[in-house]
Amino acid sequence: MPQTRRRQFNVHLLPCTHPGCHRQLKNKSALTQHLHAIHQHSFRIPERCPPSATAEVPDEPENHPKVNFMRDYHLGLDGRICNKAGQFIDPKASPPAFTTKSPDDWTPYRNHLEFKMAEFLFKKTQISGADIDKLLHFWGITLAVHGDTPPFTDHKDLHNVIDNTPLGDVPWESFKMEYAGDRSGGETPWMKKEYEVFYRNPHKVVRNMLANPDYKDEIDFAPYREWEEQPDGSHNRRWRDFMSGDWAWEQADIISADPATHGSTFVPIILGSDKTTVSVAMGQNDYYPLYLSIGNVRNNVRQAHRNAVALVGFLTIPKMTKKQSTDPCYRKFKKELFHTALIRILESLRPAMTTPEVAQCADGHYRRIIYGIGPYIADYEEQVVLAGIVRKWCCKCTAQSSNLDGDGGPRSQELLDALIEEVNLETLWDEWGFIADITPFTNNFLRADIYKLITPDLLHQIIKGIFKDHLVVWVQLYLEDTHSEARAKEIMDDIDRRIAVAPSFSGLRRFPEGRGFSQWTGDNSKALMKVYLSAIEGHVPTEIVRTFRACLEFCYIARHDIITDDTLKDMEDAIQRFHVYREIFKTTGIRDHFSLPRQHSISHYPFLIRQFGAPNGLCSSITKSKHIKAVKEPWRRSSKFNALGQMVRTNTHIDQLAAARIDFTERGMLDGTCASSYTTYFECKRARTILDLGKELHLPELPTLLRYFLYDQLYADDNHTSADVPLLQCPNYTGCIQVVNSAVATYFAPSDPSGVGGMHRKRIRSTPSWRGGPPRYDCVFVSMDNTTDGINGMDIARVLCFFSFSFRNTVWPCAVVHWFKRIGSKPDEDMGMWMVHPSMNDGQSREISIIHIDSIFRAAHLVPMFGDKFVPEHVNFHNSLDAYMGFYVNRFAVHHAFEIAS
C-alpha cells in the first residue's frame, strides 16, 4: 500500500506582509491563507489615539475650546539625574549604555532557539519534568542520526540553565519565628511551634524594578500636580497615576526638609497581601503571598503587571484547632506574627529611607533614591489586622461601629498615642475601636502611618461587597418578603432569564443560567454588574433600581483613569443618591441599619483619590490576578509535598526568564520568532456582487443604497446630500464586492483594566453564523458630529454586513447598518441609560443605510427594556435584539462605554 504523501518541514519562515502583524508562516501557501483569513476578512477601523497629556490638544474643531494641561513638579524631590557616584549632571546628558554585552551574547543560553525553548517549556506549556525528558529524548533521537543534540539534555539541564541567568535573580531566603510571650499560664501547642517565613530581599527587587527598561516611558520620577484650564480661566485639578496624588507630594515636603535629599527621587513602596486557597479537595491548602510594587510606575503598567507587581514573600499561616483559635492570647499572637514578619522582610529598605542611595533607573540614568512605605492594598478583613482595630469599625475614621455614617475624625498613629496616655485599653476597644496592644509594622519605619496608608479597594468594598453581598442579596430577600414563595421564585427565575438573554458583546461574559452559580468570583461579580440593572427593572420598586444605578455609577466613575474636580463632584452626587435611595430596604423591613464597613467606605473615596490618584492602580484585583501566576500555577506544577519550596523556585525561574527577555529585547535580539504555527480560518461563502448581497440580506434596495452612498462620499457637501438629487445622478456600481465577517476597532480607553498605554482592540462581528450557530450582528456607536462630545455626537446602529469594493481607483470599506432612534432627549430617569428603538421607514420596513467604516467609533451593547413582562421561552441571547422593540444603551458594559454614554 503506498504511503500517504506528507509535507516536508521548513526551517525558514515567511513574515506576514500586513502592517503591524508579527506572524510568521511556514510557506507561501500558509502565508496566502493567513492573509485571506485574517487580514482580508476583517476591516481595521482607524485608531482613536490618546490626546496629549502635556500640551494643547491639536486639531480641535473651531467651535471647541482649546484645552491646556499644566503640571507642577515638586521642587525639592525633582528626580534629577546624576552619575554613578551620585553627583548631579547636566539634565540633557545622554544615559549610559544599558548594557555592555554584544548583540549575540545569549548567556546563559547558547542561541535564540535555546531561550525560546526554555520559555516555551517552562512558562507556556508548564509540563512536568518527566514529560520534558520524554520530549527531549524523542527530539534527540531524530537529531542523533545527524550528529546533533537537542537544546537541553533533560529537565534538570533546563532548570540549571535558567538558574544561571545573571539577571533578575533575587534569591529566596527564610527566617523562623516563635512565641516569646508569657507562658506562666501553661504551654499550649502553638507556643512551641516554629513559624517559617519565605521572602526575597525587597531592596534588590525594587532596584530591579526601577532599572527595568520596559518602563522607561511609563514611570514618574517626581511627585506632580496637574490641572486643566477651563474656558472661563479657572483650573480643574486632575488625578491619575500615583505620583499625582497629594500623599506623594506631602511626603516629598517632609523629606525635602533635609537639604541633603534635594534632587532625589522619592520611591514609595506599595505593598499588598491576600490569602488564597489553591485546593480544597486536597485539604485546605492556603498561602499568604506578599506583593510589592513602586508608586513611580503608572497605573496602567501595574494593572497589566509587566513585572511591576512582584512576589516578595510568603507569610506564615498558623493552623490550630477551633478550640485553640478562640484563645485571646493566640489571636493576639497571630496578629503580632503578621506585623513582625513584615518588619523583618522590609528591613533592608530602612537605610535608604533617610539617606539617599544611587540606583540606575528605567531610562538608563542614575538617580539618588529615597524610599518610603507607601499604601497597603488589602481587603477589609486584612485591613482590620493591619490597622489593629476592632471588626465592624472603620479603618480610616473613628465613627462609632453602631453608626458608621455618623461623625468621626480621621484615625492616625498620633491620635492613638495620645489616647493611650489618657484612657485604658478597654475604653480604647469599646469607644474608639482600637486594639492598642497590637503595634502596627509601620511604627518601625520613618514617616509611615498605617491609618493613612489604607487604600480604597473597588473589588472587595464595592463590587463584591456592596453590589454582590449586599444589594443582590437584599433584592432576593425583598422579593421573598413581598411575594409568596412560589411567586418570588418565579420572579427570580425571570431575572435569571433576562440575564441569560442579554445580547452578545465583545468581552462580555455570558450567564446561560443567570446568576445562580454556587461560587462567585470577582470576575463573575464584575460581569453581572453590566447586565443586572436592566434585569431587575419592573420586578422591584423604582427606589431599588435607583440604588443600583447610583452604586454602578459610583463604581464606574471610580474606575476612570483620570479623575478631576468635576468627576469628584459626580462621585459625591452618586454617593448622596445611594444613601437616599437605599432607605427603601429599611422601609420594607429588609434592613434595620446600614452601619456596614464596606458601604461606609465609599464616603472616604473622594479624599483617598486626592491622596493616592485614581483607585484603579491600587485595587486588590491586581493582587488577586497575580495569584494565578505567582501561587496557583506554581502549586499545580509542584509535587504537592512540601510544595512551598518548589513554588518559590518556580517563581525564581519565571523572574529570571522575564529578566532575560527584557535584556534580549532591549538589545534587539528577539526580532522575529524561532517557531510559529498557523490556524486556518474557514469563512462562509458570501455574496460577490451587491445584487447578490441584497438577496442574502433580504434587502432588495441595497444596490440603490450603494448609489446614494457613493454620491455622498464623492459629491456631498454642507449644502446638499444624496437625498437632494435624483437616483439617476448617483454613481452606479455593479462590479465585485468582498464581504467580511468582522472589523477591528482600536481606541483609547485607559479606564478599562490591563490596557497598556491605554489602547484597546475589539472585534465587531457581523456574520450569518456565529460559532456554527445562529447569526450574530453586533451594534456600534456611529460618529455623526465630530464637534459634539460623547453620545450626543453619535447614533446607534446594528451592523448587518461588512463589505468593500473598488471604485475609481479607491477601495471603499463599508458597513450595511440598521439604525436605532433615541427615545426621548435624555437618559431614563431611573436607569440612567439612553433608550433606543429600531428605526423604521413609513412603510414599516427597516431604515437601512450603507456607511463608511471610518464613521464607526466602537461596539455598543444594547439590553432589552423588559419592563414588568417575563421573558418568553423562545427568546435567547441570539435573537433578543430582534424580539424586543425598545433597548437601553448599556453604559455599564465596559468603562469606555460608560464614559461615552454618560
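Cys551 is buried, with a relative accessible area of 5%. Buried means under 20% relative accessible area, exposed means over 50%, and partly exposed lies in between (1.4 Å probe, protein chains only). This is a predicted model: local features need pLDDT of at least 70, side-chain atom pairs count only at pLDDT 80 or more, and totals for chains, interfaces and linings use all residues. Residues are numbered from 1 along each chain as its sequence is written, and side-chain values use heavy atoms, with hydrogens and water left out.

- The cysteine sulfur closest to that of Cys551 belongs to Cys555, at 6.7 Å, which is too far for a bond.
- A disulfide is a pair of cysteine sulfur atoms within 2.5 Å. By this rule there are zero disulfides.
- Cys329 counts as partly exposed, because its relative accessibility is 30%.

**Aromatic pairs and clusters**

- The structure has 37 aromatic pairs. Rings of Phe, Tyr and Trp (its six-membered ring) pair if their centres lie within 6.5 Å; planes under 30 degrees apart count as stacked, over 60 as edge-to-face and the rest as tilted.
- Phe242 and Trp247 make a tilted pair, because their planes meet at 55° with the ring centres 5.9 Å apart. Both residues, Phe242 and Trp247, are buried.
- Tyr711 and Tyr715 also form a tilted aromatic pair, at 5.3 Å centre to centre and 55° between the planes.
- Is Tyr711 buried or exposed? Tyr711 counts as buried, at 8% relative accessibility. Tyr715 is partly exposed, with a relative accessible area of 37%.
- Which residues do ring pairs link into a cluster? They are Tyr179, Trp190, Tyr195, Tyr330 and Phe333.

**Charges over rings**

- A charge sits over a ring if NZ of Lys or CZ of Arg is within 6 Å of the ring centre and within 35 degrees of the ring normal.
- Arg367 places its charged end over the ring of Phe221, 3.6 Å from the ring centre.
- Arg776 places its charged end over the ring of Trp770, 4.7 Å from the ring centre.

**A covered helix**

- Helices (H or I, at least four residues) and strands (E, at least two) are DSSP runs, numbered from the N terminus.
- Helix α7 (residues 246-255) is mostly covered, with seven of its 10 residues buried.
- The buried residues of α7 are Asp246, Trp247, Ala248, Trp249, Gln251, Ala252 and Ile255.

**Cavities**

- On a 1 Å grid over the protein atoms alone, a cavity is a set of points where a 1.4 Å probe fits but cannot get out; lining residues have an atom within 4 Å of a point. Grid points are joined across faces, edges and corners, and a volume is the space filled by probe spheres set on the points.
- There are four cavities of 30 Å³ or more.
- The largest cavity has a volume of about 140 Å³. It is lined by 17 residues, of which Gln383, Cys394, Lys396, Gln461 and Ser601 are the closest to its centre.
- Two or more lining residues of the largest cavity come from each of α11 (380-387), α21 (597-600) and α22 (605-612). The largest share, three residues, belongs to α21.
- By class, the lining of the largest cavity has nine nonpolar, six polar and two charged residues. Ala, Val, Leu, Ile, Met, Phe, Trp, Tyr, Cys and Pro count as nonpolar, Asp, Glu, Lys and Arg as charged, and the others, Gly among them, as polar.
- The second largest cavity has a volume of about 60 Å³. Among the residues that line it are Ile270, Tyr291, Arg302, Ile377 and Thr623.
- β10 (265-273), β12 (285-294) and α23 (620-636) each give two or more residues to the lining of the second largest cavity. That lining divides into seven nonpolar, three polar and one charged residues.

**Backbone geometry**

- The peptide bond from Thr107 to Pro108 is cis, with omega near 5°. Pro108 is in the loop between β5 (81-82) and α2 (112-125).
- Lys640 is not a glycine, yet it has a positive phi of about 75°. Lys640 is in the loop between α23 and α24 (643-666). Lys640 counts as partly exposed, at 31% relative accessibility.
- His698, a residue other than glycine, has a positive phi near 60°. His698 lies in the loop between α25 (690-696) and α26 (702-714). His698 is exposed, with a relative accessible area of 66%.

Methods. On a 1 Å grid over the protein atoms alone, a cavity is a set of points where a 1.4 Å probe fits but cannot get out, and a pocket is an open set with protein on both sides within 12 Å along at least five of seven lines; lining residues have an atom within 4 Å of a point.
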